[in-house]
Amino acid sequence: MIKQIIDSALPFIDQVPFLRAILGFILVFFLPGFTWTLIFFRRVVLIERVVLSFGLSIALVTLTVCVINLLFDIKITGLNTFLTIIAITAIPVVPYCVMRFVVNSEKS
Amino acid sequence: MLGQHIKNIAKADCFKLIPILALGFYLTFIPHVEYQYPLHVDEWSQLAYSETILQAGDMQFTEPFHGEVVEGLTGSEYGLGYYLSIGSHLFWGIVHQITGIPWLIIYRYFPSLFFILIILAGYIVGRRQGFGLEAAFFTCLIPTTVGVLGPAFLVPVILALLFIPLVLFVAFNFRTVWSYIVIFIFTCFLLLAHASTAVGLVIAIVPYVLIALKGNWKHSLAVAAALFLPFVAPLPWIFRLSVTTVQSLFESQPLVEYVVLPSIIEVYGYLPAAFCILGVIVLMKRGGSHNYGLASGLLLMLAMMVVFYQFHYGVPIMFYRGFMYTMVLMGVIAGAGLMWLKDFVIPPRFLRWPVLAWSKNYINVTLLLLCVALVLATTIPNRLSTSYYYMIDDRDYEAFVWIKENIGEEYNKAILDPWKATAFTAITGKKVYSRIQRYPKDTDKKATEFLREGCKDTEFLRESDITIVYSLVDCNNPDLIELRPHIYVVKNLE
């Protein structure tokens, strides 16, 4: 299912290499780290969050791809790496939303 | 209203950061302006490894240059130390795989883009202490040389360098469980991407951990645990290497002559170095665990460098890469020195002098601008005149691409100028008889001699399983077929 969606989207993205480069850059360098900084760091200003997001993205993406390859023998392919990054990005979103909900309900 | 808004933007740090980031981008782009290929042998080497990992889809892969099997993190006959930067190769492979950006673009523009991140990391370390911009300014002056590397090269040490200021920032400013987890993650990554930087990080932060013990021992212990646990976890696999490394600390090591070792102060600049000394004094006067920790971290790093240089005790790689760690710390601390100049208050007794009394509102800004101008006037010409080697030219690149696209897999081992062989494997994916990584070996000399003599020794080709010859000198050997100028393959390959 996921593979079908990606397979149908890939030809379009491949036709616009600039778009793929921008989206790919954000996906590898920024997004995973950014979502984790929402959990890890509460009181930081924007520029600090941005820099930490880059650092965390680089570290988390590399470590996760390496660990799942070594432990679970999952091949380092474009699709697997993409899904891994999506997973790393999505994991902290749920606890963050729960935390926000709790804080908001306490306030009200 | 609008005028006030514009004034606020102009006053904001982000606005002032732009020229500093642009300067950093420019300084690191200088070597790439007229040359579109990777420059340093370590960049070509990394490219070859990244491409091999992607081809294999695995961390267990065949070593790209000579074909030995690399058993990932568990070591090989090359020794584990050789693969302690595998995380960096993997990361740039992922960048290429996901973004689809061609390798040549990555190696030309990403060093400068990545350096912007390092400058921003320097900025956030200084920001909460009041010298963020100043720290960013001096961080952007970190030089690049062929011997000690630098931000103009996309090499593992530069990927790892970002994490030294980041860990310092997290350790100095946060005391939550999450922050220790972040330090743990960063240290794990450093061990995978460039292990000597992980050790460099420990050297830089140990003084802070010790100083902070007095005020907040729980925080100190937690930071120490987050730093040291990643070293302990892989100990069963790296025990032998660790023992060898510890033993080497007590043996005198020779300085390697083939690495051009500039003095830190000369390359970094005398004025920035003077500001760094001033910065150390300012931080010591200010006190507090952050300031003491930062200054002592630099002093410990310098002590490590001096001990190795003067007495030859230590781990050589820590000395050669230590230049980078030292300069990033010097950059941040020099920012504190510049801040002192910016905030310098003229003693009231001097204000009786009419000239000083009149200019008291402008004197700090004038001094600051003068110093910045002086630093730039000495630094930029220095960077422009730094020389770099080029490993291949356009003719070589076109020939290598042609070989990749037109010569089948049955021809999989080449002999060529050993200096160009690393780039050859990176581009073609084919193995080579010999390549120069650090200094010429016997096999490199043999390859050069074979080519110089017109590639006549067929026996040598067959014994070494060589099937491709790339030679700029004409080959006079009936057993070779010339497919294209300078490109030959062995006849009757079975």
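**Sheet in chain B**

I started with the sheet in this predicted model. In chain B I found an open sheet of five strands, ordered 4-3-5-7-6, with mixed pairing. I then asked which strands of chain B stand at the edges. They are strand 4 (431-432) and strand 6 (480-484); each has a single partner strand, so one side of each is left without a neighbour in the sheet.

**Strand 7 and its partners**

Next I went through the pairings of strand 7 of chain B (residues 487-490). With strand 5 of chain B (residues 468-470) the pairing is antiparallel and runs over three bridges. I picked out Tyr470(B), whose bridge partner in strand 7 of chain B is Ile487(B). I also noted Val469(B), which stands opposite Tyr488(B) of strand 7 of chain B.

Strand 6 of chain B pairs with strand 7 of chain B in the antiparallel sense too, over four bridges. Here I looked up Ile481(B) and got Val489(B) in strand 7 of chain B as its bridge partner.

Then I moved to helix 5 (residues 103-127) and helix 16 (residues 316-342) of chain B. Their axes come within 10 Å and cross at roughly 45°, and the two helices of chain B are therefore oblique to each other. I noted the crossing of helix 5 of chain B past helix 16 of chain B as right-handed.

Which residues meet there? From helix 5 of chain B I listed Gly122(B), Val125(B) and Gly126(B); from helix 16 of chain B, Val328(B), Gly331(B), Val332(B) and Gly335(B). The contact residues split into three nonpolar and four polar, with no charged ones.

**Confidence**

Last, I looked at the scores. Chain B has a mean pLDDT of 88, with 91% of its residues at 70 or more. Residues 72-80 of chain B fall below 50, and this stretch has 14 contacts in the model beyond near neighbours in sequence. Where pLDDT is low, the predicted coordinates should not be read in detail. For the complex, I wrote down the predictor's ipTM of 0.92 and pTM of 0.91.

Technical notes: Residues numbered from 1 in each chain as written. Chains lettered and ligands numbered in written order. Predicted model: local features only at pLDDT ≥ 70, side-chain atom pairs only at ≥ 80, totals over all residues. Axes fitted to C-alpha atoms, helices over the stretch in contact; angles between N-to-C directions. Parallel < 35°, antiparallel > 145°, perpendicular 65-115°, else oblique. Left-handed = near helix turned anticlockwise from the far one by under 90°. Contact = placed C-beta atoms within 7 Å. Nonpolar A, V, L, I, M, F, W, Y, C, P; charged D, E, K, R; others polar. pLDDT = per-residue confidence, 0-100. Pairing = 2+ DSSP bridges.
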